[in-house]
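Please consult the sequence and structure shown here alongside the text.

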Amino acid sequence: MNCKKGCFITFEGPEGAGKSTQVKLLRQALEKRGIQTIVTREPGGTPLAEQLRDIVKYHEGDEPMAAETELLLFAASRAQHVRNLIKPAVAEGKVVICDRFYDSTTAYQGYARSLELDFVQRLNMFAIAGCKPDLTILLDLPPEAGFSRTAARAETQGLNDRLENEALDFHLAVRSAFLTIAEQEPERVKVVSALDAPEVIHCTIMELIENVV
Ligand code: T5A
């Protein structure tokens with residue numbers, strides 16, 4: 001494996017699918033091969049975008065956050081992240097691995113929150129300014145399986161966030177939306193079962209990565 005140019009890889013999937021676990025394993029594997037790799041996440045990734053992450057994930061109090069506000073906060077975080085971190089790093093020839101990107105907005109805010117899909121997609125394109133992933137790994141698993149993983153973690157590390165606390169129907173809609181996106185863009189979005197052991201999933205991802213890195 002020999003990275004000749006920068007590239008941009010995103011991970012998507014329902015809560016607790018194991019994205020962060022796989023991002024870490026992929027980074028280690030690429031760095032072992034001497035490939036300069038940047039790992040980042042959404043929402044967040046730059047100081048300002050991380051401030052927006054705190055608001056959109058942990059807002060509480062008497063004033064509920066409107067779905068439209070939530071959408072715009074994710075888009076604002078992404079606009080900042082793309083311009084100040086992702087684009088410059090890819091231009092320098094690095095491999096950028098991002099834990100969630102605009103497919104999460106389409107799935108969570110577009111499909112699961114039922115915001116107007118055409119508008120969500122136009123907003124996504126506005127926020128990314130042409131910075132589309134070269135490859136997206138969709139880690140797929142039933143929400144119930146993801147919940148049992150994150151519940152164990154919440155017990156030891158603290159509370160779930162606003163979106164994790166949504167009802168099962170919401171998370172079923174998110175999963176189905178991701179699978180729809182993968183059907184629509186089979187060249188870019190590759191579905192990998194998240195039910196296997198982490199090492200097995202990692203091997204599958206390494207095979208998919210060979211084509212882009
Ligand atoms: N969101 C985000 C939107 O609504 N719109 C958007 O546009 C964007 C960008 C982000 C939230 O914001 C929403 C989606 C989210 O609700 P987050 O904290 O970044 O919040 O949440 P997640 O991305 O869902 O991160 P999680 O940490 O919850 O899930 P991961 O990263 O998929 O899972 P991971 O690797 O942390 O693993 C979870 C647990 O499972 C174990 C791990 O050890 C860990 O304990 N695990 C496995 N167990 C068994 N088998 C495996 N294969 C396992 N892999 C990991």
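At least two residues of the shell around the ligand come from each of α1 (19-32), α2 (47-58), α3 (67-91), α4 (102-112), α6 (143-157) and α8 (198-209). Helices (H or I, at least four residues) and strands (E, at least two) are DSSP runs, numbered from the N terminus. Helix α4 gives the largest share of this shell, four residues.

The model is predicted, so local features need pLDDT of at least 70 and side-chain atom pairs count only at pLDDT 80 or more, while totals for chains, interfaces and linings use all residues. Residues are numbered from 1 along each chain as its sequence is written, and side-chain values use heavy atoms, with hydrogens and water left out.

**Ligand site**

In total, 28 residues surround the ligand, the closest being K19, S20, T21, K57 and T105; a residue is near a molecule if one of its heavy atoms lies within 4 Å of it. The shell has eight nonpolar, eight polar and 12 charged residues. In this scheme Asp, Glu, Lys and Arg count as charged, Ala, Val, Leu, Ile, Met, Phe, Trp, Tyr, Cys and Pro as nonpolar, and the others, Gly among them, as polar.

| Residue | Ligand atom | Distance |
|---|---|---|
| S20 | oxygen | 2.6 Å |
| K57 | oxygen | 2.4 Å |
| Q109 | nitrogen | 2.8 Å |

Taken alone, the ligand exposes 1,000 Å², and the protein buries 83% of that. These areas come from the Shrake-Rupley method with a 1.4 Å probe.

Q109 is in helix α4 and is buried, with a relative accessible area of 2%. Its side chain also joins that of E70 through a polar contact of 2.6 Å, a polar contact being a pair of N or O atoms within 3.5 Å; within protein, one must be able to donate a hydrogen and the other to accept it, and residues adjacent in sequence count only if both atoms are side-chain atoms. By contrast, K24 in helix α1 counts as exposed because its relative accessibility is 55%. Buried means under 20% relative accessible area, exposed over 50%, and partly exposed in between (1.4 Å probe, protein chains only).

**Backbone features**

Most residues other than glycine have a negative phi, and most peptide bonds are trans. R100, in the loop between β3 (95-99) and α4, has a positive phi near 80° and is buried at 13% relative accessible area. A129, in the loop between α5 (117-128) and β4 (135-140), has a positive phi near 45° and is partly exposed at 31% relative accessibility. A cis peptide bond, with omega about -10°, joins E42 and P43.
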